[in-house]
Amino acid sequence: MGVVIPSGIQVGLGVKPIAVQKIFQQGDFMSTGNNLDLVIEGEGFFQIRMPDDTTSYTRSGALKMDNEGRVVNSDGYPLEPRDYHP
C-alpha cells in the first residue's frame with residue numbers, strides 16, 4: 001500500500017510539511033436533501049464561533065441544528081451571527 005499525500009502539501013526533507021497551500025476554488029453544486037445546507041457562490045465565508053470565543057471562517061455549508069436550536073457546522077460550532085433563523 002503506497003503513501004497518499006493530500007493535495008496542496010509539499011513534502012520536505014524533515015519530519016513535517018514545509019508548506020501548505022489553501023485552495024478556495026468553487027466546487028460543484030449538489031442537492032443534499034438537507035434544508036440547512038448552503039452554498040457560497042463566488043467569494044465569501046461563513047463565520048463560525050469557536051469554543052475559545054474566537055471567530056473562524058469556513059466555506060463549508062454543511063449545517064444542522066443542535067439541541068439548543070442553534071445553526072451549527074458539522075463540528076457543532078455555531079454559525080455567526082447567532083440570531084440567524086432559517
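The model is a predicted one, where local features need pLDDT of at least 70 and side-chain atom pairs count only at pLDDT 80 or more, while totals for chains, interfaces and linings use all residues. Residues are numbered from 1 along each chain as its sequence is written, and side-chain values use heavy atoms, with hydrogens and water left out.

Strand S3, residues 46-49, runs antiparallel to S4 and pairs with it over four bridges. Together with S7 they make an open sheet of three strands in the order S4-S3-S7, with antiparallel pairing. Strands S4 (55-58) and S7 (79-80) stand at the edges with a single partner strand each, so one side of each has no neighbour in the sheet.

Next come the charged side chains. Side chains of opposite charge can pair when their charged atoms come close. Taking a salt bridge as a side-chain nitrogen of Lys or Arg within 4 Å of a carboxyl oxygen of Asp or Glu, a search of the whole structure turns up four. Arg49, Asp53 and Glu80 are linked in a network of such bridges. Within it, Arg49 meets Glu80 at 3.6 Å, N to O. Since Arg49 sits in strand S3 and Glu80 in strand S7, the pair ties together parts that are 31 residues apart in sequence. Arg49 also meets Asp53, at 3.9 Å from N to O.

Asp53, by contrast, counts as exposed at 53%. Another of the salt bridges joins Glu68 and Arg70 (3.8 Å, N to O); here Glu68 is exposed at 60%, and Arg70 is partly exposed at 28%.

Most residues other than glycine have a negative phi, and most peptide bonds are trans. Asp53, in the loop between S3 and S4, has a positive phi, near 70 degrees, though it is not a glycine. The peptide bond from Glu80 to Pro81 is cis, with omega near -5 degrees, and Pro81 is found in the segment after S7.

Finally, there is the largest pocket, with about 380 Å³ of space. A pocket here is an open set of points on a 1 Å grid over the protein atoms alone, where a 1.4 Å probe fits and protein lies on both sides within 12 Å along at least five of seven lines; lining residues have an atom within 4 Å of a point. Of the 18 lining residues, Asp28, Phe29, Leu38, Val39 and Gly61 are the closest to its centre.

Note on methods. Points joined across faces, edges and corners; volume = space filled by probe spheres on them. Pairing = 2+ DSSP bridges. Helix = DSSP H or I, 4+ residues; strand = E, 2+ residues; numbered from the N terminus. Buried < 20%, exposed > 50% of the residue type's maximum accessible area, 1.4 Å probe, protein only.
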